Amino acid sequence: MKKTLLVFFAMLMCLTVFLVGCDDESSKDAGTNGTPTTLPETIPPPTSEAPASSFGCTHYWMEATCVTPKTCLWCDKTEGAALGHEWRAASSASCYPICEKCYARDYTSPSHYWVDASCDKPKHCLYCGEQEGEPLGVAHTWVDATCKAPKTCSVCGETEGRTAAHTYTKGVCDVCGQKDPTYIPTYGLGETWIVDGQWELTFKTAVHLENDSSGKQVVQISWTAKNLGYTREEYPYDSGELGIDADDLKVYDAETEVGVLDVWSETENGCIIGTKATNEGAWTLNNTSTTIKVYVQQKNSYGVLQKAWFELPVTPMPESDKLNGCTVTVDSDLPKKIDYKTYSGSTQSSCLITEISFEVSGDDLYIYFTGKKTYDSRGSGQSDSCKIGWKLYDSSNNVIESGTTYTTSVATGEGFVNVKDYAWDCIVAGESYRLVLLNVN
């Protein structure tokens with residue numbers, strides 16, 4: 001009987017020891033009733049003694065980090081291994097690698113972006129500023145900025161500021177060769193503007209004709225256009241001919257004021273591919289000029305606007321060209337007095353003709369009168385036009401044209417210059433003519 005009791009107590013003690021020391025997986029994850037333990041929402045502060053059930057520590061596990069394994073907060077028991085860092089390479093944000101998970105820095109493996117020592121700065125990291133060594137210790141030797149590089153020291157390569165603007169010559173940068181998008185080419189008299197596959201344009205003459213009645217300079221310009229392949233038909237009735245007409249030009253005098261086109265002077269000739277057309281027009285300028293500028297713009301076959309400038313010297317018209325081989329004389333000595341009389345025979349006004357000039361265009365004769373008013377019956381302060389009578393005779397003494405020219409409104413003592421009159425459709429090339437001045441009744 002005693003032996004049986006001893007065996008029983010021995011077994012009971014063994015069972016007690018086994019249960020107290022039990023630390024299997026179920027004890028890690030379950031409470032005393034075998035149900036899963038729910039973690040508190042906040043971590044309880046550590047105490048000098050770990051809370052325990054009647055069977056031992058109920059572990060509160062902290063997940064593994066880059067440097068520590070999974071660890072019980074209360075009893076420091078560990079499981080597994082630390083996760084280890086995942087280093088992000090150094091960059092402009094930091095010269096030191098950074099862990100992608102815990103953001104720790106590796107100060108043992110910097111990756112500096114070194115800038116060589118300059119004349120006044122030691123070798124240094126562009127990002128963090130760390131320095132090594134000493135400056136070169138000499139003065140900078142600066143080279144001016146260009147469109148390709150800022151102001152640069154030729155000794156150490158250090159730069160200052162920004163790149164400079166392009167420097168263009170005839171629309172091309174002298175440094176890098178880039179084309180100026182705003183450039184408009186400029187040509188001279190006799191030079192040809194070529195738009196590839198579209199046209200050629202050349203200005204032939206810029207001739208000073210006689211001044212108009214107000215004394216303003218009149219310049220006649222002629223130009224030739226050749227069609228290289230222009231086919232644009234802007235309107236349904238267009239034939240696709242190239243026509244660079246006077247309306248496509250703007251003429252500027254020496255003071256950059258725009259001249260006025262004389263619509264009676266212009267010719268409008270178009271040309272098909274492979275042919276040329278010559279046009280001309282006369283412009284009145286506000287300021288007498290020895291050089292004028294002509295601005296031309298014309299759309300190509302694709303509707304893209306093409307532009308060019310022409311700078312033209314203005315030459316006087318030769319006398320032989322003005323008369324087209326004709327001879328015109330005045331049958332009076334100048335100056336000559338011309339009277340305007342009333343029906344009663346009294347003189348209402350008088351003028352003195354001091355100069356007469358002529359110009360032949362086709363079969364038309366232009367007559368220009370210059371002089372001044374010498375008398376007005378109403379008084380010296382009254383203004384009105386002077387009347388000049390004339391007849392034009394041919395070499396056979398036939399009257400081929402006559403007329404009365406009205407000057408600008410002038411007072412006594414005031415002059416008039418190049419007042420223009422016409423003899424239409426009566427001039428024959430090479431013929432001789434005689435102009436007779438007459439009083440007017």
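Which residue in strand 13 is the bridge partner of Thr152? The partner is Thr159. Before I continue, please note that this is a predicted model, in which local features need pLDDT of at least 70 and side-chain atom pairs count only at pLDDT 80 or more, while totals for chains, interfaces and linings use all residues. Residues are numbered from 1 along each chain as its sequence is written, and side-chain values use heavy atoms, with hydrogens and water left out.

Strands here are DSSP runs of E of at least two residues, numbered from the N terminus, and two strands pair if DSSP finds at least two bridges between them. Strand 12 (residues 151-153) and strand 13 are antiparallel and joined by two bridges. They belong to an open sheet of three strands, ordered 11-12-13, with antiparallel pairing. Its edge strands, strand 11 (142-143) and strand 13 (159-160), each pair on one side only.

Let me turn to the cores. A nonpolar core is a set of buried Ala, Val, Leu, Ile, Met, Phe, Trp, Tyr and Cys residues joined through side-chain atoms within 4.5 Å; buried means under 20% relative accessible area, with a 1.4 Å probe and protein chains only. The largest such core has 28 residues, and Phe203 is one of those with the most contacts inside it. Among the elements that give two or more residues to this core are strand 18 (199-208), strand 19 (217-227) and strand 23 (291-299). Apart from it lies another core, of 25 residues, including Cys326, Leu365 and Phe416.

Strand 29 (residues 364-376) deserves attention next: ten of its 13 residues are buried. Strand 28 (residues 347-361) runs antiparallel to strand 29, and twelve bridges join the two. They form a hairpin with two residues between them, and Gly362 in the turn has a positive phi of about 65°. Strand 29 also pairs with strand 32 (residues 415-423), again antiparallel, over seven bridges.

Finally, consider Glu359, in strand 28. What is the nearest side chain of opposite charge to Glu359? That is Lys420, 6.0 Å away, and the buried Glu359 has no salt bridge, a term that requires a side-chain nitrogen of Lys or Arg within 4 Å of a carboxyl oxygen of Asp or Glu. The side chain of Glu359 does make a polar contact, at 3.2 Å, with the side chain of Tyr368. By polar contact I mean a pair of N or O atoms within 3.5 Å; within protein, one must be able to donate a hydrogen and the other to accept it, and residues adjacent in sequence count only if both atoms are side-chain atoms.

Key:
Buried means under 20% relative accessible area, exposed over 50%, partly exposed in between (1.4 Å probe, protein chains only). Helices (H or I, at least four residues) and strands (E, at least two) are DSSP runs, numbered from the N terminus. Lys and Arg count as positive and Asp and Glu as negative; His and the chain ends are not counted.
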